[in-house]
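Please walk me through this structure. Start with how one chain is laid out, then turn to how the chains meet.

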Amino acid sequence: MYIIVVGAGKVGYYLAKELLEAPEGHEVLIIELDAAKVERVTQELGDIALRGDGCEAATMEKAGYGRADMVIAVTGDDEDNLVVCQVAKAKFSVPRTVARINNPKNETIFKQLGIDTTVSATAAILAQIEQELPIHGLIQLLSLKGGGLEIVEVKVPQRASVVGKRIGELLLPQQSLITLIVDSDGTPRVPSNETIIRAEDQVVAVTRRESEDALRAALTNSSSPAAPGR
Amino acid sequence: MGCGRVGATLATWLDADGHDVTVLDIRPDAFKRLPPEFKGRRHAGNAIDQDVLARVGLRQADAFVAVTQGDNRNVMATQMAKHLFGVRRTLCRIYDPIREEIYRDLGLETISPTLVGAQLLKDLLDKQLVVADGEAEG
């Protein structure tokens, strides 16, 4: 594949390095405005850097966006990453665009504006830190492409009302599915309707984004949640 | 959005026309460009942050104009105003004529001061040349 990486900061540099070392043998080009960073890439990784503005048409022509299989924009500025990907799609019909986003809230608008994939380091770090925090919340593990579904993890608290119940009798939000349970001793179980929920279970579930709160409440609330519609 | 020379002038005119105007700029000292008689609101904040845009009441706005120095900031903010906040009338300044054409094709209301300025200068020059030719002949 011919892959263009825009931005030669830490993310862009190591990404290009990984792509070059991958067994698939990708052709990689890095576009970077800062001469010092271009110099560093050229010294360390070879003649794969082009100095220029990754969203200026002249640079894009020179870089050969027209034959790129993938454009990955990883500068530190969300607005630049957005425009790189939008122009790559609109003017050069690049089949796959990936944008790094720094403000996790920008994910929705980027998707809406046609960016194929967004990667948020902030969200990933937050999720990992949340996993370490002693709160019984819900952690997003992964967004599934399209459809608004995601994979989340919930740790069942000691006093949760679901403890001791069978999965079949739980009232879960629509289109929510418990797909994996990891015991407190680390043993994974594929759940069935007969599986009993135990305290401190890590429950991995597929749910709709808008049902997150309801799912978290169903699995962590101490008192019986009110029946729907009341 | 953007309280540079153009932004401040436009905001002042709209305010004088009796519109309810909010000026947004990431640098608070940019508001010094607004005259003392400006009655609108000044808001220091990052206009490509949707929380900031919500806080200044963009959902209730009838129009949004992006005139910061950064083409990409303008493009992103305008698209957020249009698609996230449903603002009906938006205007986006893009210096780079090629980028301007691309976003016009994508449905944004855009203006490239580069093209407009160059065209104005050329028209004036042409006019001067015509006058000079006329004088030479006469």
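In this predicted model, the C-alpha centres of domain 1 and domain 2 of chain A lie 37 Å apart. Domain 1 of chain A covers residues 2-121. Domain 2 of chain A covers residues 134-220.

Now turn to the contact between the chains. On the chain A side, 16 residues take part, and they touch 19 residues of chain B. Two elements of chain A, α4 and α5 (107-112), each give two or more residues to this side. Helix α4(A) gives the most, with 8 residues. Sorted by class, the side of chain A that touches chain B has 8 nonpolar, 6 charged and 2 polar residues.

Two packed helices are described by the angle between their axes and the distance between the axes.

Which residues of α4(A) and α3(B) meet? From α4(A) come A:Glu79, A:Asp80, A:Leu82 and A:Val83. From α3(B) come B:Asn72, B:Arg73, B:Val75 and B:Met76. By class, this contact of α4(A) with α3(B) has 4 nonpolar, 3 charged and 1 polar residues.

Conventions:
Residues numbered from 1 in each chain as written. Chains lettered and ligands numbered in written order. Predicted model: local features only at pLDDT ≥ 70, side-chain atom pairs only at ≥ 80, totals over all residues. Contact = placed C-beta atoms within 7 Å. Helix = DSSP H or I, 4+ residues; strand = E, 2+ residues; numbered from the N terminus. Nonpolar A, V, L, I, M, F, W, Y, C, P; charged D, E, K, R; others polar. Domains from an automatic or database assignment.
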